[in-house]
Amino acid sequence: MRRVRAPFLPALVLLVALVAAIPIVTNNPSLREELFLVFMLVTLASSINIIMGYTGYVSFGHIVFFGIGGYIAFWLMQTFGTHFLVAAVAGAVPAALIAVLIGIPILRLRGAYFALATIGINEAMKAFVTNFEPFGGAVGMFFNFSIYSTYGGARDAAQLAYYTMTAIAIGTIAASYAVKRSKFGLALMAIREDQDVAMVVGIDPARAKVIAYVISAFFPALAGAAFFFKNGIIEPAHAFDLLRSIESLVMVVLGGIGTVAGPIVGATVYEWLRGFLITNPTFANFQLAIAGLLLLVTVLFVTAGLVGWLRNRFPALQAYIQ
Amino acid sequence: MSLDALIPSAIDGLMLGFVYGLAAMGLTLIFGVMKVINLAHGPVIALGMFTVLVLSQTFGVNPYLGLVAALGIGLALGVVIYFVAVDRVINAPELTTLLATFSVNLMIIGIGTVIFTTSPRAVDIDLGAVRGSGITILGTHVVSVVIAIVVAAALYAFLFRTRLGKSIRAVANNRAAAELMGIDSRRMLALSFGIGTALAMTSGGLLSTLFSFTILSGATYEVKSFVIVVLGGLGNPTGALVGGIVLGLLEGVTTVFIPVSWVPVLEYVIFVLILLVRPSGLLGSRA
């Protein structure tokens, strides 16, 4: 263990906050929209990294928590006119509780079985919500515009959603860092390397895994609430989109699995790349195919991801980039 | 609920189950041999659909002859996918192979969307129908069941009666030991991926004679295949066929009792429960 630690977390949080301030200072709504999405992806990727990168459990259907949080918060706001911030928390807490309930049985599964189970849970939840009339069934729900008047109109509401998403992203990054540097994080990484050995040295894997799963479920639920609040519409296919789930895994791997900075870098690069491909006339049609090709190259040749590669290439950086 | 409605939908579901089972056999074969969950399974099923469509619409080939082409193309495509995406990471943790096969999924869907767009298509085929007392069985369904059974039987003959098939089973059983016996495990893995892909494309071809489809339709059948494979036990081809029939029957019968839209909820709940209670599948031994 190094004794001298670079102030990694404060530097990272400051960087995120500074970037977040750019569209506000320059009054650039389109950049704000882009960053809103990037911060959401950072939240999703960093959360998945806690259960997947640190603990070694590939939560394929992780988007289920994004959907649950989004749906509960949306329902509260639409039906009772609950304030957005209250609704977001009120959506995330049940999502975390659901993570406890499903985490206890499914975290006993290992490897591919766990990955399949999380897909099954996401699809089951999507199919259930599609039939659940209080949540609008297959059509979903949409806001009456008057809801935004509480927040001073749609523009201010979008602004509020942006600040909230920034705060959620920063919170996720801080949690990710705190977990990684703690004794609890060491326990998770021991489980990742060898669960049986971890048990022998006195770790309770079942407990540690469920806690990690709950932490990684809480933040996506908050992000879901903020995303659909700003969106004004929520529907099952959009809330429980397995593709978005897989995309966040891709971001983690692209940036560097198991590192704090990796998911942030991965989410930013992925979103930037997608924006570039979609708007570029030559590539627009082939953006999916190109994304696939890049993913394959990363998986086959840059297994450590961008951050991991940097850390391995320049060992001096290891003190500065977590 | 009257028996009149139950029997026809049970028969319908049963027949569809054979086609589902065929697709799932492809997925489970690949998992059984190399412990890879093939996330390119759905797009490959869709490619089978479009192979039959293009051959019959552009070249006037009979859809069932088109199936033979789908089988052949599938075999070759599977071997290519194996060497491009899987071979290098065959011993890596499951996340790596999941993402590697998912990248193939993205590429197929990406290119397929450009070529075929996402508008719905259908293969024009009518083989008449057999009508009994209140029961109508479409000719296309009967032929599909027969073909599914023939292909499944051929797979069994191959795996159990030929030297090559036995080599594949040896590699599935214990790769290191198989290599010590002089089996080129890499070739067997590539061949298994080819066969798995060929099965998926064939079943896609059969599905194209039954329903309309788009390039994205494979995703639905991919998830169904997951459910079936887990029902039958991951890596167990017999289980996959049985699982397919069970799922088909379940879909057919439950629609009589509950609204169609609730059927997926039931399917996925069963899926997760089986994973939790009997991960080895309904047919598997209690491990």
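The contact between the two chains takes 34 residues from chain A and 34 residues from chain B, two residues being in contact if their C-beta atoms, placed from the backbone, lie within 7 Å. On the side of chain A that touches chain B, at least two residues each come from α4 (84-106), α5 (112-131), α11 (242-255) and α13 (287-301), and α5(A) gives the most, with 14 residues. By class, this side of chain A divides into 27 nonpolar residues, six polar and one charged, where Ala, Val, Leu, Ile, Met, Phe, Trp, Tyr, Cys and Pro count as nonpolar, Asp, Glu, Lys and Arg as charged, and the others, Gly among them, as polar. The model is a predicted one, in which local features need pLDDT of at least 70 and side-chain atom pairs count only at pLDDT 80 or more, whereas totals for chains, interfaces and linings use all residues. Residues are numbered from 1 along each chain as its sequence is written, and chains are lettered from A and ligands numbered from 1 in the order in which they are written.

Chain A comprises 14 helices and two strands, helices (H or I, at least four residues) and strands (E, at least two) being DSSP runs numbered from the N terminus. The radius of gyration of chain A, taken over C-alpha atoms, is 20 Å, which agrees with the value near 20 Å that a compact globule of 322 residues would have; the globule rule is 2.2 Å times the number of residues to the power 0.38. Along the principal axes, the C-alpha atoms of chain A fill a box of roughly 55 × 45 × 40 Å. Of the 322 residues in chain A, 49% are buried, a residue being buried if 20 or more other C-beta atoms lie within 10 Å of its own, exposed if 12 or fewer, and partly exposed in between. Among contacts in chain A between residues at least 6 apart in sequence, 75% join residues at least 24 apart.

Helix α12 (residues 261-279) of chain A has 19 residues and should span 27 Å at 1.5 Å a residue, which agrees with the 27 Å between its end C-alpha atoms; the expected span is 1.5 Å times one less than the number of residues. The buried residues of α12(A), among them I264(A), V265(A) and Y270(A), pack against α1 (8-25), α2 (29-54), α6 (153-181), α11 and α14 (305-313) of chain A. F276(A), also placed in helix α12 of chain A, counts as exposed, with 12 C-beta neighbours inside 10 Å.

The axes of α11(A) and α14(A), as lines fitted to C-alpha atoms over the stretch in contact, with angles running from 0 to 180 degrees between N-to-C directions, come within 3 Å and cross at roughly 10°. This makes α11(A) roughly parallel to α14(A), a term for angles under 35 degrees. V253(A), L254(A) and G255(A) in α11(A) meet G305(A), L306(A) and V307(A) in α14(A), and the residues of this contact divide into four nonpolar, two polar and no charged.

In chain B, helix α6 (residues 163-173) and helix α8 (residues 185-208) pack at an angle of about 105°, with their axes 9 Å apart. α6(B) and α8(B) are therefore roughly perpendicular to each other, the range for this term being 65 to 115 degrees. The contact is made by S167(B), I168(B) and V171(B) of α6(B) and by S185(B), M188(B), L189(B), L191(B) and S192(B) of α8(B).

Key. Angles under 35 degrees count as roughly parallel, over 145 as roughly antiparallel, 65 to 115 as roughly perpendicular and the rest as oblique.
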